[in-house]
Amino acid sequence: MTATDHNALWAERDLAHVWHPCTQMKDHEDLPPLPLKAARGVWLEDFNGRRYIDAVSSWWVNLFGHSHPVIAQALKDQIDTLDHIMLAGMTHGPAVELAEQLAELVPDPLRRCFYADNGSAAVEAALKMSFHYWLHQGQTRPRFISLSNSYHGETLGALAVGDVPLYKSTYGPLLLDNIIVPGPDCYDRAEGVSWEDHSRTAFAAMEAALAKHADSASAVIVEPLVQCAGSMRMYHPIYLKLLREACDRYNIHLIADEIAVGFGRTGTLFACEQAGIAPDFMCLSKGITGGTLPLSVVMTTEAMYQAFYDDYPSMKAFLHSHSYTGNALACRAALATLSLFRASDVLAEVRTKGAAMEAAAEPLRNHPHVGDIRRHGMIMAIELVQDRATKTPFDWKQRRGRRIHRHALTEGVLLRPLGDVVYFMPPYVINQDEIEQMMGAAIRGIEHAVRD
């Protein structure tokens, strides 16, 4: 059997049983799923021996490349010692060590670590902690405030505080009634207005919402700097600074959903650092294990922890749990990932390579069908439009982003545009030649896709 036959066979077997996430399965009638045999560094390899640059870090989780030897060895060592135990009533070295290290890395006063196993679960835990905290203060605050175009996960609580209709609208009858505030998306700024000025002006809507709902809302939840699933829309750190100050004035919690942007993606270890603020809750996942195993955490304050600390009959305990909470293998992978940050100046590399990505996109700067090129760190996005002057979008049913995806595969690059927004979030180990190949494939894919 040839390698090509192996690709076809695996795709056929897959389509007989596997229901893929975030996919209209009928699409695979003309573009079967890509079977992969191996992955190393930025490269994915199929059964035909063809390689593809993972330009999206496999849904933003991979930081230091696939099959990194340091992380792989840590997992091999751990599996021979302890694979998993429940974290209720017991503990283990990796969970303790990881909590200690995270407490040193996140902004003060975040010092308590609550484990979960994926980003949505972390958001759910943070929402419940915030609501439950206020109950302990004798207040019932059943609502949350979030930004337009936000995304915080797919479970019902996380979905309720999001605002991307593609994911949310179908399930509206199942969701909590939360407060959506117009956000600071700098794509919407007027010509000649800076990111900072636009973000400052946009904060007026949040100020008004806080003034109106402070007594009934437990917390504000935001994705710091980049609304990733919301088409990689971005804003200036000043918004976070103003938000922290306002949350303090109105006595309401601030939840920073750093699941996608944490661990260096925006050029600082955590995006909140660029505003010089600390939230009351910080949700972390995705890159925390270097893209190897599912893990998430909610970092919060000692004051929050103490609000639940009491004799059992008080019934103040936070009775939220997942079977794989604090999994030893995942925690060990996270420790290995953090060791890689200590081994070199990763954040400087992120800033340098992010600038290189933007420079490689320069041929598109004045393209008639490019409405915007935006970047924070190594997160970059190119927004396609029908008309540059008016920012009129293409008809979404034309699926021009899918055309780019298909073209890029022919050039050995895996892109997964969000509608007509082509984004790049590659592993930090990508080199200059690979950046140029990635961007070249995207540029030629865009030229192909905008032809009528």
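User: Which residues is Met-25 in contact with, leaving aside its neighbours within four places in sequence?

Analyst: Contact means heavy atoms within 4.5 Å. By that rule Met-25 touches Leu-15, Val-18, Trp-19 and His-20. The C-alpha atoms of Met-25 and Leu-15 are separated by 8.5 Å. This is a predicted model: local features need pLDDT of at least 70, side-chain atom pairs count only at pLDDT 80 or more, and totals for chains, interfaces and linings use all residues. Residues are numbered from 1 along each chain as its sequence is written, and side-chain values use heavy atoms, with hydrogens and water left out.

User: Is Met-25 buried, exposed or partly exposed?

Analyst: Buried means under 20% relative accessible area, exposed over 50%, and partly exposed in between (1.4 Å probe, protein chains only). Met-25 counts as partly exposed because its relative accessibility is 21%.

User: How are two packed helices described?

Analyst: By the angle between their axes and the distance between the axes. Here, the axes of H13 (residues 400-410) and H14 (residues 432-449) come within 8 Å and cross at roughly 135°. Therefore H13 is oblique to H14. Angles under 35 degrees count as roughly parallel, over 145 as roughly antiparallel, 65 to 115 as roughly perpendicular and the rest as oblique.

User: Which residues have the most contacts inside the largest nonpolar core?

Analyst: A nonpolar core is a set of buried Ala, Val, Leu, Ile, Met, Phe, Trp, Tyr and Cys residues joined through side-chain atoms within 4.5 Å. In the largest one, of 114 residues, they are Met-206, Val-220, Met-232, Phe-263, Ile-382 and Phe-424. Helix H11 (residues 328-343) gives this core its largest share, 10 residues.

Definitions and conventions: Axes fitted to C-alpha atoms, helices over the stretch in contact; angles between N-to-C directions. Helix = DSSP H or I, 4+ residues; strand = E, 2+ residues; numbered from the N terminus.
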